[in-house]
Amino acid sequence: MTLPILYSYRRCPYAMRARMALKYAGIAVEIREISLRDKPSHLLEISPKGTVPVLVTANGVVLEQSLDIMYWALQQNDPDGWLAVDATQTQQLITENDTSFKQALDRYKYAIRFPEQAMEDYRSLGEVFLTKLEQQLSQTAFLMGAKLTLADIAIFPFVRQFSAVDAVWFESANYPKLKIWLSLMLSSALFNSIMDKHPVYVA
């Protein structure tokens, strides 16, 4: 049986969450680690935008967005019932992560490319979302309740990236519950199982 093919980049947060969903669902895939400077021709043929992750299912369907890959994986197998959790609230939280928070994260991380504002200003924009997460995590251990769900793995890689831009600042920032959650996610077997290094795929 031909395995699905996942074009991925180890440190990309979108690829991370796709790999986590596939691992959670127990779906084996052929991971093709790309070089950002020399993308495989097959990837560009099936997805001209050239970004990862991209999944080619066993029957040839191409999924070009990380959330599409995640939902596809859960539709195949969802052992802990993640899809049964409040879909509207989950989607709202993920949408805010993927839009306003991601924009602030990019400007904070690459502030030199966006001289219109200071790095600290971009960080403050990102903190609007961090504060919302902190408030939620003050009530429940995970974003949607007592257990890990889709929202956690969809958002975690971006909070991880934000925390690493200035680790000294983040360590001193007043987000005690968020830090506990982030630590749990970083030490989880699910996360660590998808961070193995793969050789760069050469077509």
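**View 1. Asn-59 sits in the loop between strands S3 and S4.** Helices (H or I, at least four residues) and strands (E, at least two) are DSSP runs, numbered from the N terminus. The model is predicted: local features need pLDDT of at least 70, side-chain atom pairs count only at pLDDT 80 or more, and totals for chains, interfaces and linings use all residues. Residues are numbered from 1 along each chain as its sequence is written, and side-chain values use heavy atoms, with hydrogens and water left out. Asn-59 has 64% relative accessibility and so counts as exposed. Buried means under 20% relative accessible area, exposed over 50%, and partly exposed in between (1.4 Å probe, protein chains only). Leu-3 lies 56 residues away from Asn-59 along the chain, yet their C-alpha atoms are separated by 9.5 Å.

**View 2. Val-62 belongs to strand S4.** Its relative accessible area is 31%, so Val-62 is partly exposed. Residues up to four places away in sequence aside, Val-62 touches Ile-46, Val-54, Leu-55 and Val-56. Contact here means heavy atoms within 4.5 Å. Ala-84 is 22 residues from Val-62 along the chain, and 25 Å separates their C-alpha atoms.

**View 3. A cis peptide bond links Val-52 to Pro-53.** Omega is about 5° at this bond. Pro-53 occupies the loop between helix H2 (41-46) and strand S3 (54-56). Pro-53 is also in contact with Ser-66.

**View 4. Helix H3 holds a set of buried residues.** They are Ser-66, Leu-67, Ile-69, Met-70, Trp-72, Ala-73 and Leu-74. These buried residues pack against strand S1 (5-8), H1, S3, strand S4 (62-63), H4 and H6. Ser-66 is one of the residues of H3. Its relative accessible area is 5%, so Ser-66 is buried. Beyond its neighbours within four places in sequence, Ser-66 contacts Tyr-14, Arg-17 and Pro-53.

**View 5. Asp-98 is placed in helix H4.** With neighbours within four places in sequence left aside, Asp-98 is in contact with Arg-17, Leu-67 and Phe-158. Ala-154 is 56 residues from Asp-98 in sequence and 9.1 Å from Asp-98 in space, C-alpha to C-alpha.

**View 6. Helix H6 (residues 150-165) bends by about 35° at Phe-156.** The bend is the angle between axes fitted to the seven residues ending at a residue and the seven starting there. A proline, Pro-157, follows within four residues. Of the 16 residues of H6, 13 are buried, so the rest of the structure largely encloses this helix.

**View 7. Lys-147 lies in the loop between H5 and H6.** Lys-147 is exposed because its relative accessible area is 66%. With neighbours within four places in sequence left aside, Lys-147 contacts Phe-142 and Asp-152. Lys-147 and Pro-157 are ten residues apart in sequence and 18 Å apart in space, C-alpha to C-alpha.

**View 8. The largest nonpolar core contains 54 residues.** A nonpolar core is a set of buried Ala, Val, Leu, Ile, Met, Phe, Trp, Tyr and Cys residues joined through side-chain atoms within 4.5 Å. Leu-22, Val-159, Leu-178 and Trp-181 have the most contacts inside this core. Two or more residues come from each of helix H1 (13-24), helix H3 (66-76), helix H4 (87-109), helix H5 (119-137), H6, helix H7 (167-172), helix H8 (176-187) and helix H9 (189-193). H6 gives the largest share, nine residues. A second, separate core has nine residues, among them Ile-34, Leu-43, Val-52 and Val-56.

**View 9. Helices H5 and H8 cross at roughly 85°, their axes coming within 8 Å.** H5 is therefore roughly perpendicular to H8. Axes are lines fitted to C-alpha atoms, for helices over the stretch in contact, and angles run from 0 to 180 degrees between N-to-C directions. Angles under 35 degrees count as roughly parallel, over 145 as roughly antiparallel, 65 to 115 as roughly perpendicular and the rest as oblique. Leu-130, Leu-133, Glu-134 and Leu-137 in H5 meet Pro-176, Lys-177, Leu-178 and Trp-181 in H8. The residues of this contact are six nonpolar, no polar and two charged. Ala, Val, Leu, Ile, Met, Phe, Trp, Tyr, Cys and Pro count as nonpolar, Asp, Glu, Lys and Arg as charged, and the others, Gly among them, as polar. Not counting residues up to four places away in sequence, Leu-178 touches Leu-130, Leu-133, Glu-134, Leu-137, Val-159 and Phe-170.
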